[in-house]
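Colleague: Could you walk me through this model and tell me what stands behind the labels you use?
Modeller: Gladly, let's look at it together.

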Amino acid sequence: MGLLREPASGYDLKAVLDHGIGHFWAAELSQIYPSLKRLEQQGLLRSRRAASKRGPGRIVYEITATGRKELAAWLRNEPQFGDMRHTFLAQIYLMDELKDLPHTLKFLEQLRSRWAPRLEALKNAEKEWSWRDPGFPDRLSLAAFHQHLTLRMGQHAYQGWLTWCEESMRRVRARMRKENQNGQPVSVTAVGAHRRRQHRAAIVLDSGHRSEGR
């Protein structure tokens, strides 16, 4: 409801989620449309058909007075937290089953290659924002000011993940060097170990997958 400051369609909301707040909140259209319908049934939103520049008309939603009261009550509540599930951390937690430090290093490199562009994108967005708005950052409109606070959180979060990633890579490389010096094997390929890893991972992750509808 908070994203409906102006009437918008489900597709419009998806664009905001992907390009505006995707660093802390994500949703697919398959989640957005049922949520909009449910909120409308509860009297928190109302919909109407509007003309579209491309193709047939679209359905746009707007928040009702009741919805605004509900949103304000939610905003005035204490901070809300959901259960955090980072599948990649579960993989790392169980990765000893492989007895393959080079794979652990490669895995961490893949994480770094995923997060670095996201951090750069947020930094670029902030830079463009500063060029565009003379009030940036502390004389922005009240709405933009709060939006910038969340953008900064995204930057700090990705930077934190990258710092952890670099630290972990240094530790893995150091352990690899030590094991090589001691003549210990660094990589072991074992079908049995692989199967045990899959079994353990299934136990740890299965409940999370069920809750996500996978």
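**Labels and their cut-offs**

Modeller: Leaving aside neighbours within four places in sequence, Glu-126 is in contact (heavy atoms within 4.5 Å) with Phe-136, His-148, Leu-151, Arg-152 and Gln-155. This is a predicted model, where local features need pLDDT of at least 70 and side-chain atom pairs count only at pLDDT 80 or more, while totals for chains, interfaces and linings use all residues. Residues are numbered from 1 along each chain as its sequence is written, and side-chain values use heavy atoms, with hydrogens and water left out.

Colleague: Why does Glu-126 count as buried?
Modeller: Buried means under 20% relative accessible area, exposed over 50% and partly exposed in between (1.4 Å probe, protein chains only). Glu-126 has 15% relative accessibility, so it counts as buried.

Colleague: What joins the side chains of Glu-126 and Gln-155?
Modeller: A polar contact of 3.1 Å; the term asks for a pair of N or O atoms within 3.5 Å, and within protein one must be able to donate a hydrogen and the other to accept it, while residues adjacent in sequence count only if both atoms are side-chain atoms.

Colleague: Which residues of α2 are buried?
Modeller: Ile-32, Leu-36 and Leu-39. Seen down the axis of α2, they fall within an arc of 70° (taken from the directions from the helix axis to the C-beta atoms), so they line one face of the helix. Those buried residues pack against α1 (10-19), β1 (45-50) and β2 (58-63). The face turned away from the buried side of α2 carries the exposed residues Ser-30 and Gln-41.

Definitions and conventions: Helices (H or I, at least four residues) and strands (E, at least two) are DSSP runs, numbered from the N terminus.
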